[in-house]
Amino acid sequence: MSDFHPNARGGFLENTLEGLHSAMERALYAESAAQRDGVLQRLDARVKVAGALSMLVAVALSMKLWVIGAIFALAIALAVTSLITIGALAGRAWLGALIFSGVIAIPAVFLTPGAPVFGSPMTVQGLRTGSFLIMRAVTASTLIFLLAYSTPWSHILKALRIFRVPVVFVVILGMTTRYILLLLETAHDMFLSRKSRRVNRLTPAETRRLAISSSGVLLHKTLHLSGEVYQAMQSRGFRGEVYLLDDFRMRSRDWFATGAFATLAAAFIFLGR
Amino acid sequence: MLFELAGLTYRYEGVTAIDGLSLAIPEGSRIALLGANGSGKSTLLRLLDGLIFGQSGTITFCGDEISEEHLLDDAFALAFRRSVGMVFQNPDVQLFNPTVFDEVAFGPLQLRWRKTDIRDRVDDILDRLRIGHLRNRVPQRLSGGEKKRVALASVLVLDPAVLLLDEPTAALDPLSQSEMIDLMVEWGGGSKSVITATHELGDLESIADQCFVLDGGKLVAEGRPEAILADTELLRRTNLIHKHRHGHRGSLHSHSHFHGISAR
């Protein structure tokens, strides 16, 4: 029989609930940040999408580390003036980018042939390659997070349509976001109800059974839900093509920002050759 | 006739949800589909809305057969979707757009209305349902009652001639239930057809002038609400009422009981 731990922390249920809760918190943060009165929030979504894309191109093409650093500094300045905290960027954009690019970059530091750094196994060329990889990943993820945190999701989707991204892709993106959130809530409620009926700490075997059965139930709910959603869409006239209301309006500040983004992107591409 | 069903049968996963059903619904009528959970009410609404199709039998709308093949025809499909609107029991399945405004505008956009008309019409329906302040909110962040109103607005904006409602007052607080009933009674000034699937009998006489009672996918009774409500044996047999026991002046008292918001 398993030990009785009424206030046990760190168990499977608690960790899962915490994970689900923080995922919902992140979604809420993005939603509230997009409503703030910052520099980026005041711009037309199309300008921000085009600006982010042009900066991403500049980051990808740059052969000089200081140019990527300058774009990163610009992104930080935009984050601060858009009332997006550095903490939020660090936790949500940088950490993931550092981990994923670090996994590739760290071996490259040692394995890339070249001159050793002060007699260590690291090489100058390896350090340079690793720094490029990490800086590019961190700067690109900062730019994307700035766009996502300063623009309502619906506006990003509409802007994508204006840039001729296929309707099916945009609709799938929109619905996926919507139903990821709904499933997070469903999963959260499901695990909470399990927790309310549990008095003992779960054994590893029980944890595995719970994880498997919960996945099965969630999959079943997802299938059922997606079928019902499709019927609800059909009922209101959906026949495979989606039409959107695009009520964007360019103001003088949007034209100014467009010019600024275009000039900066061109300058960064030129300087980074 | 608005809808005519002849020997309609629908099965899924080995279960017969609708079993050889034949009935006729005239235009402008207010119909209640009564039955306990699993009696086939929701399935029948989906069949009437052309979302699922029976394995045998026929179903027609104003004389035109509702079939998968017929709904592939653009002209028929657009006219049918323009005429028939359905509000689902679970509002979450109906709310898949990023904002309330987009949600309500979804139907008119699919039916290719002019964009200026859509904006005016959406604003109008949001104001009429007193949810104008929610227009820029994300649907999944709303309360249950607000979600239900948005789901209703997303259908009413199309001004359909036929409104199909699946348990419209389920999981609503008493005030929201009462407002929903008022809306159903007043909607269209009585000229529209409203078909409501419900097992709540409290306001039956307000929302319907004809009832169909379903049990196990079969039609077991039809008639005016007062006649159906008076048939206690039928209601008990179809699990629409149950014996309720409670203390009464020192002794245990029991009587038939049903759920609804009107005090009786």
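This is a predicted model: local features need pLDDT of at least 70, side-chain atom pairs count only at pLDDT 80 or more; totals for chains, interfaces and linings use all residues.
Q: Why are helix 3 and helix 5 of chain A called roughly parallel to each other?
A: Take helix 3 (residues 65-81) and helix 5 (residues 124-150) of chain A: they pack at an angle of about 25°, with their axes 10 Å apart. Angles under 35 degrees count as roughly parallel, so that's the label helix 3 and helix 5 of chain A get. As for handedness, helix 3 of chain A passes helix 5 of chain A in a left-handed crossing.

Q: What makes up the contact of helix 3 of chain A with helix 5 of chain A, by class?
A: It splits into 12 nonpolar, four polar and one charged. Helix 3 of chain A brings residues including Leu65(A), Ile68(A), Phe72(A) and Leu78(A). On the helix 5 side of chain A you'll find, among them, Phe132(A), Met135(A), Arg136(A) and Leu146(A).

Q: How do you know that strand 1 and strand 4 of chain B pair?
A: Pairing takes at least two bridges, and strand 1 (residues 3-12) and strand 4 (residues 56-61) of chain B have five, in the antiparallel sense. So they count as paired.

Q: Why do strand 2 and strand 5 of chain B stand at the edges?
A: The open sheet has four strands in the order 2-1-4-5 (chain B), paired antiparallel. Strand 2 (15-25) and strand 5 (64-65) each have a single partner strand, so one side of each has no neighbour in the sheet.

Q: What makes up the contact between domain 1 and domain 2 of chain A?
A: Domain 1 of chain A covers 7-35 + 154-242, and domain 2 covers 37-151 + 249-271. Their C-alpha centres lie 29 Å apart. Each domain puts 12 residues into the contact. On the domain 1 side, helix 1 (12-33) and helix 6 (153-162) of chain A are the elements giving two or more residues, and helix 6 gives the most, with six. By class, that side has nine nonpolar, one polar and two charged residues.

Q: What makes up the side of chain B that touches chain A?
A: In all, 27 residues of chain B are in contact with 24 residues of chain A. Helix 2 (74-83), helix 3 (91-94), helix 4 (100-110) and helix 5 (115-128) of chain B each give two or more residues. The largest share, six residues, comes from helix 4 of chain B. By class, the chain B side has 14 nonpolar, six polar and seven charged residues.

Conventions: Residues are numbered from 1 along each chain as its sequence is written. Chains are lettered from A and ligands numbered from 1 in the order in which they are written. Two residues are in contact if their C-beta atoms, placed from the backbone, lie within 7 Å. Ala, Val, Leu, Ile, Met, Phe, Trp, Tyr, Cys and Pro count as nonpolar, Asp, Glu, Lys and Arg as charged, and the others, Gly among them, as polar. Axes are lines fitted to C-alpha atoms, for helices over the stretch in contact, and angles run from 0 to 180 degrees between N-to-C directions. Angles under 35 degrees count as roughly parallel, over 145 as roughly antiparallel, 65 to 115 as roughly perpendicular and the rest as oblique. A crossing is left-handed if the near helix is turned anticlockwise from the far one by less than a right angle, and right-handed if clockwise. Domain bounds come from an automatic or database domain assignment.
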